[in-house]
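Have the sequence and the 3D view open as you read.

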Amino acid sequence: MTRVALIAHDDEKPEMIDLVREYEDVLSPFDLVGTGTTGKRIMEETALDIERKQSGPLGGDTQIGAEVADDRMDAIVFLRDPLTAQPHEPDISALLRICDVHDVPMATTRTSAEYVLDGLAADGSE
Ligand SMILES: O=C(CO)COP(=O)(O)O
C-alpha cells in the first residue's frame, strides 16, 4: 500500500489541514503516518486515520526517516516553517538527506505537495 508521511511545523499546520481536506479522497486509501501533533490535528479535523509517531522535537522526524531508510515510505509532505528556527533542526536535515539518498519525494510547500499528491493519485488510477 502507498505509505505517505504528513508533517507540519506549527505555523504551517493550518495549511496542512487545508491541504488534507482538499485531498482527503486521494489520501484516504493510503497508509498515512504523521508526527505527533500534526497527526493529532489531522485526525481531529478530518476523517483520516493517521499512525502517529513522536512529536517532531521528540524524535518524530527521525522515526519517519528510519522508515525511509528501510524503504517503507513512498512520499512525504513536510510543510516546513522557513522563517522560524527549530530546536531539532539536525533531525529535519537528516530527514531531508535520507529522502535524497533513497529518492523518496518530499514536498515542502503547498504547491509542491499538490504536485506530489496529484502524481500519487495518477499512479493509483493507472
Ligand atoms: O516538528 C515537527 C517536524 O519537524 C512536527 O512535529 P509535530 O507534528 O509534533 O508538531
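## A buried annotated residue

Let's begin with Asp 61, which is buried because 29 other C-beta atoms lie within 10 Å. Buried here means 20 or more other C-beta atoms within 10 Å of the residue's own, exposed means 12 or fewer, and partly exposed is in between, with C-beta atoms placed from the backbone. Asp 61 sits in helix 4, and UniProt, in an unreviewed entry, gives this position the feature "active site". UniProt positions follow the numbering used here, feature names are shortened, and annotations may be inferred rather than shown by experiment.

Leaving aside residues up to four places away in sequence, Asp 61 touches Ile 7, Thr 35, Gly 56, His 88, Asp 91, Ile 92 and Leu 95. Contact means that two C-beta atoms, placed from the backbone, lie within 7 Å.

Two notes on the model belong here. Residues are numbered from 1 along each chain as its sequence is written. The model is predicted: local features need pLDDT of at least 70, side-chain atom pairs count only at pLDDT 80 or more, and totals for chains, interfaces and linings use all residues.

Five strands make an open sheet with parallel pairing, in the order 3-2-1-4-5. Strand 3 and strand 5 (106–107) are the edge strands, each pairing on one side only. Strands (E, at least two residues) and helices (H or I, at least four) are DSSP runs numbered from the N terminus, and two strands pair if DSSP finds at least two bridges between them.

Strand 1 (residues 3–8) has five of its six residues buried, so the rest of the structure largely encloses it. Four bridges link it in parallel to strand 2 (residues 31–34), where Gly 34 is the bridge partner of Leu 6. Five bridges link strand 1, also in the parallel sense, to strand 4 (residues 75–79), where Ala 75 is the bridge partner of Val 4. Strand 2 in turn runs parallel to strand 3, joined by two bridges; Gly 34 has Arg 52 of strand 3 as a bridge partner.

## Helix 3

Which residues of helix 3 (residues 36–45) are buried? They are Thr 38, Gly 39 and Ile 42. These residues lie on the same side of helix 3, because they cover an arc of only 95° around the axis; the arc is that of the directions from the helix axis to the C-beta atoms. They pack against strand 1, helix 1 (13–22), strand 2 and strand 3 (51–52).

## Around the ligand

The ligand is surrounded by 13 residues, the closest being Thr 35, Thr 37, Thr 38, Ser 55 and Gly 56. A residue counts as near if its C-beta atom, placed from the backbone, lies within 6 Å of the molecule. Helix 3 and helix 4 (60–69) are the elements that give two or more residues to this shell, with helix 3 giving the most, three residues. By type, the shell has three nonpolar, nine polar and one charged. Nonpolar covers Ala, Val, Leu, Ile, Met, Phe, Trp, Tyr, Cys and Pro; charged covers Asp, Glu, Lys and Arg; the others, Gly among them, are polar.

The unreviewed UniProt entry marks "binding site" positions, including Thr 37, Gly 56 and His 88. Thr 37 belongs to helix 3 and is partly exposed, because it has 19 C-beta neighbours inside 10 Å. Gly 56, in the loop between strand 3 and helix 4, is buried because it has 26 such neighbours inside 10 Å. Gly 56 touches Ile 7, Thr 35, Asp 61 and His 88, again not counting residues up to four places away in sequence.
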